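Welcome! Here is a friendly walk through a structure that may be new to you. Take a look at the sequence and the model, and then read on.

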Amino acid sequence: MTTLATLTADIESWTTYSDPDFIAAIPTFIRNTESRVFYFVQLIENQRSVTGNFTAGNGYLQLPDDFLACASLAVIVPVTGEYVYLLPKDVSYIREVYPFPLVTGQPTAYSLFTADEDDTTILVGPTPDVAYAAALNYFYKPPSLVDQPTGTWLSINAYDTLQYGCYSEAANWLKKTAGIDSMGDTYEQRFLVGLQGLKNLGETRDKKDTYRNGEKRGRE
């Protein structure tokens, strides 16, 4: 298992640099690399499924705290238990097609509605006529290796990508802070190759019989 201690030791070994300020910056190199991966690649391992509830007369649903992007949303019809998947639309579409919030019915579409930077919810149209259970599949940002030092999915299954991303971050730091012109371009290229491999895995190969899909689609 690839741990935080292993990656830290590798960064020190590859850069042959052990200044205290550099060592203190290593967690930032790791977090920056992880963020580049998570925001560039849609991995099935970074999805979660949760259930919630709409109330009659209220078209809003609060999102989980770790929500990044929506994969799918379904309402569960009372009595029958049927899952009805909603169509992703823009807020303006819902406001135009269902302009009167007091007119209710079974929701058919949803949109992410941002009241402010700290309050993002889901808006559906039409406004629910009864209490519906909701099934939400969404992408989340998993814990960093810095916070889960025994290992993460990325450190275990794509260590080379994480490794070279951190080397690239470290090279940029060294060039800017210590004036050391290292192999930053080479490391970055190796990172991008690994990133493309993860994209191929997450967006084309690692599909479990997907029917309704809100995710990006790649080419085989």
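## A look around the model

N46 has its place in the loop between α2 and β1. Please keep in mind as you explore that this is a predicted model.

Is N46 buried or exposed? With a relative accessible area of 6%, N46 falls under the 20% cut-off, so N46 counts as buried. Which residues does N46 touch, once its neighbours within four places in sequence are left aside? The contacts of N46 are F38, Y138, F139, Y140 and P142.

Let us turn to the sheet. The sheet is open and has 4 strands, in the order β1-β10-β3-β4, with antiparallel pairing. Its edge strands are β1 (47-53) and β4 (83-85), each of which pairs on one side only. From one strand to the next, the twist averages 30 degrees. As a general point, the strands of a sheet pair through backbone hydrogen bonds, and they can do so in a parallel or an antiparallel way.

Strand β10 (residues 133-140) is joined to strand β3 (residues 67-76) by 8 bridges, and the two run antiparallel. β10 also pairs with β1, again in the antiparallel sense, over 7 bridges. How enclosed is β10 by the rest of the structure? Of the 8 residues of β10, 6 are buried, so this strand is largely enclosed by the rest of the structure.

To find your way along these pairings, here are some residues that stand opposite each other:

| Residue | Opposite residue in β10 |
|---|---|
| Q47 | F139 |
| A74 | A135 |
| I76 | A133 |

Now for the helices. Helix α1 (residues 4-15) packs with helix α2 (residues 20-40) at an angle of about 120 degrees, and their axes are 11 Å apart. How does that angle class the pair? An angle of 65 to 115 degrees would count as roughly perpendicular, and one over 145 as roughly antiparallel; the angle here therefore makes α1 oblique to α2. The crossing in which α1 passes α2 is right-handed.

Which residues bring the two helices together? On the α1 side they are L4, L7, T8, I11, E12 and T15, and these meet F22, I23, I26 and I30 in α2. The residues of this contact of α1 with α2 divide into 7 nonpolar, 2 polar and 1 charged.

Definitions and conventions. Residues are numbered from 1 along each chain as its sequence is written. This is a predicted model: local features need pLDDT of at least 70, side-chain atom pairs count only at pLDDT 80 or more; totals for chains, interfaces and linings use all residues. Side-chain values use heavy atoms; hydrogens and water are left out. Axes are lines fitted to C-alpha atoms, for helices over the stretch in contact, and angles run from 0 to 180 degrees between N-to-C directions. Angles under 35 degrees count as roughly parallel, over 145 as roughly antiparallel, 65 to 115 as roughly perpendicular and the rest as oblique. A crossing is left-handed if the near helix is turned anticlockwise from the far one by less than a right angle, and right-handed if clockwise. Contact means heavy atoms within 4.5 Å. Ala, Val, Leu, Ile, Met, Phe, Trp, Tyr, Cys and Pro count as nonpolar, Asp, Glu, Lys and Arg as charged, and the others, Gly among them, as polar. Two strands pair if DSSP finds at least two bridges between them. Buried means under 20% relative accessible area, exposed over 50%, partly exposed in between (1.4 Å probe, protein chains only).
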